Amino acid sequence: MKKLLALLMALVFAFPMYAMAEYPSKPITIVVPSKAGGSTDTTARIFINAAKKYWNGANFVVQNIPGSGGQKGFEAIARAKNDGHTIGLIFTTQIVSHVVSKRARYTLDSFHVMGNCVDDPLLIAVPKESPITDLAGFIKAAKENPLTVAVNGIGSDDFIAAKKFEKKAGVEFNLLPTKGSTEQKALILGNHADASIMNLSQMQAQHKAGTARVIALLNKERSQVLPDVKTAAEQGYDVNMTATRGFVAPAGIDKDILAKLDDLLVKVNNDPDFIADCKKNVYSRLPMSGADYRTYLEGLQVETQSFYDKNPW
Amino acid sequence: MILESLSSLMAPMPLLAVLLGTVSGVVIGGMPGLTATMAVALLIPVTFTLDPLIGLVLMGGVYCGAMYGGSIPAILLRTPGTPAAVATALEGYPMTQQGRAGLALKVSVIASCVGGVFSTIILLILAPILAQFALTFGPPEYFLLAILGLAGLVSMTDEKTGLIKSLISGIIGLIIAVVGTDPISGMLRYTAGLTDLYDGVAFMPVLIGMFSISQMLTLTGKKSVVDNAELVTEIKREPLPKGIFKFISMGSFTGTLVGILPGEGATIAAFLSYNIARRRSKKPELFGNGNPEGIAAAEAGNNGCVGGSLVPTLTLGIPGNSVAAALLGGLLVHGLIPGPELFTTYGPMTYAFIFSLFIANIIFLILGLYMAPYFARISLTPTELLIPVVCLFSVLGSYSMNNSVLDVFLCLLFGVGAVLLHKTGFSLGALILGLILGPIAETGFAQALIMSRGSAAIFFESPQALALWLITFLLLVPPLLNIIKKHRMKSA
């Protein structure tokens, strides 16, 4: 009996030691703050496919925590045990707009930013019946009569892009908040709204099929998916907005483990299979280091704050 | 192209995938808390590694199977497996209590199959034209559609639940639907600082609580759902009632039409066709007390949604409902971009997928007809076994929707609340209707007024809007006349 007890004690004490010595000692949970099957979820799954090659024997588990524009998932990452066995995906602008609107129970300091993976630039789309064919025509029409522009909910990437565009072009939109890209597509294809600001992946198929017209891409460079669409900057309005999807870990993890995690992300970002999977899913890659991505997020937060201060939601 | 797609479908692997998908769909649909949306979403990563066709037909099978599967526990135990089966429970369960579960199951499976096949034919032939029709629906039309649905509150009235009580139930539902983020301004309403409530009161836990938990609480005083075992085994060979096909076709038509509209779900389709059947029935007094006509309309309605919802999904890339949205994700993963190309370049694959839906419908028809007498025996399960099992699944199901513990408490709270409401004669169906339609009506109303810059004229401009006003009017006037007549008779 005593021997058995001793053995048990030894096991109990040995386990944490073992965990420290050999990271990862158990499956790594990747928190995905959206539903299974969505684009964030797919990003996590193709990341895992590539990551397994670099960490032999390591297991990854996706945990979907959807709800409240990602807020529930972001909070779960911030709250997670900081032993390196839980990391998570974040997406912009929601991650900072919850902080700005004072609803989040986290700040950017609650996370260690590992880096960015992919992005989905925003665009301006109009119905195919619309007389508007370029930004100049769009702004001219907007100045004559406020255009009804559909965006995803308040505080989303679409909304911030619309606000940025309003500021730059000196126009004011009749903003129409919707429940998401399904509604936005129906509003544009059915010619119910004058325009919609939404993500590239949500409207590219319709532009190719000729059921809607994309008049500008709000990105520095043209997209390979829609090479015929001019960027806003090319048309004289330097407004850029993109939805990024990157990885973070809870703050306070051991430095050696963080170094391993950051290194894994860099490797996956350059992995040929991962690149091929991104292409298959029409995701544009935007690899950013942890430090760069952190700077980007901070800048985005300041920008979002300025819109919130002017007109809080 | 049609032949090519048929031959690619008639191979052992795709057929096995359809069979597997349909059977597991029926099982998933039959469990409270596991919905078709969830099943299809979970399948997407699996289909990653499969041949695109196999993956697609697997998901299609699950979709068809789950839509039917939800009706089995709804009829036998009054615990709808999917939200779309709530209307089925209203008629099916009283039939089970009368020992006519066998017939109820038979009507449900036949109606499901006819609804599914009808909508798939429509999808096959008319998809591109109907997609254009769906696009003419804008925010004002959605608002009016929700109002049309809410007009059903009046038809939910019977002797047990008076008009006033069913209106109160509906308004309770609308009030609960107010909780959450304001869709237009982004303000929080009555969320009590709980992040879990920012998206509103989650629908599935409420549904599971109101039907499954409350039903289990009600059953605690009984030995089994049906006390007389002979009743179940004796009349299982009851023939189909006359004139039932009128209601099946009515349901199929309504279901397909509602399914085509992007964003409208099978639940609304089922409720709408149920209410229309109730209006059009020669025996409306039987509704609420076990009328197979109600089951026929509701089940044809929710399965009619399957083909309908795929119309805008395949032609425009706009998913008709949440299951179709998950299916769309599956299409995109395989590089199949919705649009005209799907019917030309990728034609063989698309048509094979559509044909697989026919097979799925036939599979669950055979399964349902063959198994109905055995399923019916579930209603004889002793409550000491039934209650713990159903409660376990209910709690699991309400937790697993959003991984939220709050949802479990909500489910239990609504369970107790529903027992009180039911005992005092308030209609639970009316409450659910208010809860589903509240957000649609609100968003549609606000968006329409933003589009028109504040002018209410937008609700009367399009022909679609006028047609919806007319149907609402037609649904409301006869019950109103009835009430006046009754009132006069009383006073005379």
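The exercises below, each with a worked solution, concern a predicted model with chains A and B.

**Exercise 1. Overall description of chain A**

Task: State how many helices and strands chain A has, what box its C-alpha atoms fill, and what percentage of its residues count as buried.

Solution: 
- Step 1. Chain A has eleven helices and ten strands.
- Step 2. Along the principal axes, the C-alpha atoms of chain A fill a box of roughly 90 × 40 × 30 Å.
- Step 3. Chain A has 313 residues, of which 52% count as buried.
- Step 4. For contacts in chain A between residues at least 6 apart in sequence, 77% join residues at least 24 apart.

**Exercise 2. The domains of chain A**

Solution: 
- Step 1. Across the boundary, eleven residues of domain 1 of chain A are in contact with ten residues of domain 2 of chain A.

**Exercise 3. Strand E3 of chain A**

Task: Determine how many residues of strand E3 (residues 86–91) of chain A are buried, and which strands pair with E3(A).

Solution: 
- Step 1. Six of the six residues of E3(A) are buried, so this strand is largely enclosed by the rest of the structure.
- Step 2. In a regular strand, side chains alternate between the two faces of the sheet.
- Step 3. In E3(A), A:Thr86, A:Gly88 and A:Ile90 point one way, while A:Ile87, A:Leu89 and A:Phe91 point the other way.
- Step 4. Strand E1 (residues 28–32) of chain A runs parallel to E3(A) and is joined to it by three bridges. A:Gly88 in E3(A) is the bridge partner of A:Val31.
- Step 5. Strand E9 (residues 242–250) of chain A pairs with E3(A) in the antiparallel sense over four bridges. Here A:Ile90 has A:Gly246 in E9(A) as its bridge partner.

**Exercise 4. Strand E5 of chain A**

Task: Find which residues cover the two faces of strand E5 (residues 148–151) of chain A, and identify the bridge partners of A:Ala150.

Solution: 
- Step 1. A:Thr148 and A:Ala150 lie on one side of E5(A), A:Val149 and A:Val151 on the other, and all are buried.
- Step 2. E5(A) pairs with E6(A) in the parallel sense over four bridges. The bridge partner of A:Ala150 in E6(A) is A:Leu176.
- Step 3. E5(A) also runs parallel to strand E7 (residues 195–199) of chain A, with two bridges between them. The bridge partner of A:Ala150 in E7(A) is A:Ser196.
- Step 4. A right-handed β-α-β unit is made by E5(A), helix H6 (residues 157–169) of chain A and E6(A).

**Exercise 5. Nonpolar cores and the chain interface**

Task: Name residues that touch the most other members of the largest nonpolar core, then describe the side of chain A that touches chain B.

Solution: 
- Step 1. The largest nonpolar core has 208 residues; among those touching the most other members are A:Leu123, A:Val149 and B:Tyr63. Helix H7 (residues 101–135) of chain B gives the most to this core, 19 residues.
- Step 2. Leaving out residues up to four places away in sequence, A:Leu123 touches residues including A:Met198, A:Met203 and A:Val214.
- Step 3. A second, separate core has 42 residues, including A:Ile28 and A:Leu264.
- Step 4. At the interface, 35 residues of chain A are in contact with 38 residues of chain B. Helix H7 (181–189) is one of the elements of chain A that give two or more residues to this side. H7(A) provides the largest share, six residues.
- Step 5. This side of chain A has twelve nonpolar, 15 polar and eight charged residues.

**Exercise 6. Backbone angles**

Task: Which peptide bond is cis, and is A:Lys102 buried or exposed?

Solution: 
- Step 1. Most residues other than glycine have a negative phi, and most peptide bonds are trans.
- Step 2. The bond from A:Thr92 to A:Thr93 is cis, with omega near 5°. A:Thr93 is in the loop between E3 and H4 of chain A.
- Step 3. A:Lys102 has a positive phi, near 60°. A:Lys102 counts as exposed because it has 8 C-beta neighbours inside 10 Å.

Definitions and conventions
Residues are numbered from 1 along each chain as its sequence is written. Chains are lettered from A and ligands numbered from 1 in the order in which they are written. This is a predicted model: local features need pLDDT of at least 70, side-chain atom pairs count only at pLDDT 80 or more; totals for chains, interfaces and linings use all residues. Two residues are in contact if their C-beta atoms, placed from the backbone, lie within 7 Å. Ala, Val, Leu, Ile, Met, Phe, Trp, Tyr, Cys and Pro count as nonpolar, Asp, Glu, Lys and Arg as charged, and the others, Gly among them, as polar. A residue is buried if 20 or more other C-beta atoms lie within 10 Å of its own, exposed if 12 or fewer, and partly exposed in between; C-beta atoms are placed from the backbone. Two strands pair if DSSP finds at least two bridges between them. A crossover is right-handed if, with the strands pointing away from the viewer, the path from the first strand over the helix to the second runs clockwise. A nonpolar core is a set of buried Ala, Val, Leu, Ile, Met, Phe, Trp, Tyr and Cys residues joined through C-beta atoms within 7 Å.
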